[in-house]
Amino acid sequence: HHIVEVHELEHTYPDGTAAVRGISFRIHHGEAVAVVGANGAGKSTLLLHLNGYLTPQSGTVRIGDFPLTKETVKDIRRAVGMIFQDPDDQLFMPSVYEDVAFGPLNLGLPPEEVEQRVQQALQRTGVEHLRERPPYKLSGGEKRAVAIATVLAMSPDILVMDEPTSNLDPLSRRTLIELLAGFHHTKIIATHDLDMVIDLCERTIVIHEGTIMADGPTTDIFNDD
Ligand code: ADP
Ligand code: ADP
């Protein structure tokens with residue numbers, strides 16, 4: 001049984017750009033999958049379909065037992081945590097605590113559970129000490145960790161990340177890779193960071209001009225012969 005199933009997905013933007021042109025794949029529970037390809041290949045457009053930011057124009061997306069539709073999009077967003085390319089798109093409250101609590105509060109959870117989720121998410125991402133700080137004053141690596149904490153606090157089944165190591169200095173990058181290696185969620189990571197692909201993802205999907213050019217074990221994809 002697959003936790004993610006994308007079948008013959010197509011997406012054309014209103015200006016006529018055919019960004020995704022018939023993509024199909026399935027992902028097992030617990031798998032870590034890299035999505036690689038040149039800028040403009042269609043990686044972000046594909047990822048945005050995995051939690052309903054975009055709805056399929058043609059083809060289907062299924063997450064767990066639910067096909068992605070207008071009726072299921074709320075449940076799917078809860079199951080699929082999305083880390084955007086720019087953490088500033090994700091952090092908008094006056095303090096780290098409030099940003100991480102925002103999602104659980106929105107779920108209507110009781111205060112003790114909100115507190116517990118925030119505490120645990122900050123601990124797992126190593127940013128407990130930043131709890132009272134305003135997110136806009138944090139470093140790139142710290143912001144990224146807080147953005148991940150906001151998502152973990154929602155207890156997602158799947159983590160979807162768009163270039164999580166972009167704009168990070170080498171130490172923050174390494175710290176983030178190690179952090180993600182400790183998560184046993186299903187992970188789907190669009191990236192240009194080959195170290196991260198090799199360290200985290202057993203499988204790699206190569207996208208070229210909106211179609212899948214290769215899909216297989218990372219060791220095969222990056223083996224020249
Ligand atoms: P990648 O993430 O691999 O860089 P994208 O999914 O961002 O690729 O882009 C795929 C194609 O769709 C590119 O040609 C890009 O210019 C185009 N595109 C992306 N977003 C939009 C948009 N909102 N409107 C029109 N074209 C877009
Ligand atoms: P299982 O034996 O658990 O059913 P599979 O044999 O389908 O798993 O997959 C084993 C591994 O092969 C996965 O962890 C992944 O690395 C890779 N893999 C899975 N599905 C695909 C696919 N469609 N194309 C390429 N590689 C895949």
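Author: Let's start at ligand 2: one of its nitrogen atoms sits 3.3 Å from an N or O atom in the side chain of Asp-215. A polar contact here is a pair of N or O atoms within 3.5 Å; within protein, one must be able to donate a hydrogen and the other to accept it, and residues adjacent in sequence count only if both atoms are side-chain atoms. This is a predicted model, in which local features need pLDDT of at least 70 and side-chain atom pairs pLDDT 80 or more, while totals for chains, interfaces and linings use all residues. Residues are numbered from 1 along each chain as its sequence is written, chains are lettered from A and ligands numbered from 1 in the order written, and side-chain values use heavy atoms, with hydrogens and water left out.

Reader: How much of the accessible area of ligand 2 does the protein cover?

Author: Accessible areas come from the Shrake-Rupley method with a 1.4 Å probe, and for residues only the protein chains shown count as cover. Ligand 2 has 540 Å² on its own, and the protein covers 43% of that.

Reader: Which residues surround ligand 2?

Author: A residue counts as near if one of its heavy atoms lies within 4 Å of the molecule. For ligand 2 you get His-28, Glu-31, Glu-202, Arg-203, Asp-215 and Gly-216. His-28 has a side-chain N or O atom 2.9 Å from a ligand oxygen, and Arg-203 puts a polar side-chain atom 3.4 Å from a ligand nitrogen.

Reader: How does that shell divide by class?

Author: Ala, Val, Leu, Ile, Met, Phe, Trp, Tyr, Cys and Pro count as nonpolar, Asp, Glu, Lys and Arg as charged, and the others, Gly among them, as polar. Around ligand 2 that gives no nonpolar, 2 polar and 4 charged residues. The shell around ligand 1 has 4 nonpolar, 6 polar and 2 charged.

Reader: Which backbone atoms lie by an oxygen of ligand 1?

Author: A backbone N or O atom of Gly-40 is 2.7 Å from a ligand 1 oxygen, and one of Ser-44 is 2.8 Å from such an atom. The protein covers 61% of the 560 Å² that ligand 1 has on its own.

Reader: Which helix gives the most to the shell around ligand 1?

Author: Helices (H or I, at least four residues) and strands (E, at least two) are DSSP runs, numbered from the N terminus. Here it's helix H1 (residues 43-50), with 3 residues.

Reader: What about the largest pocket: how much space lies in it?

Author: On a 1 Å grid over the protein atoms alone, a pocket is an open set of points where a 1.4 Å probe fits, with protein on both sides within 12 Å along at least five of seven lines; lining residues have an atom within 4 Å of a point. The largest pocket holds about 620 Å³. It has 22 lining residues, and Tyr-53, Arg-77, Phe-102, Gly-103 and Met-154 are the closest to its centre. H3 gives the most to that lining, with 5 residues.

Reader: And which residues are closest to the centre of the second largest pocket?

Author: Among its 15 lining residues, those are Thr-125, Gly-141, Glu-142, Ala-145 and Thr-175. The space there is about 210 Å³.

Reader: Is Thr-125 buried or exposed?

Author: Buried means under 20% relative accessible area, exposed over 50%, and partly exposed in between (1.4 Å probe, protein chains only). Thr-125 comes out buried, at 6%. Its side chain also has a polar atom 2.7 Å from the backbone oxygen of Ala-121.

Key. Points joined across faces, edges and corners; volume = space filled by probe spheres on them.
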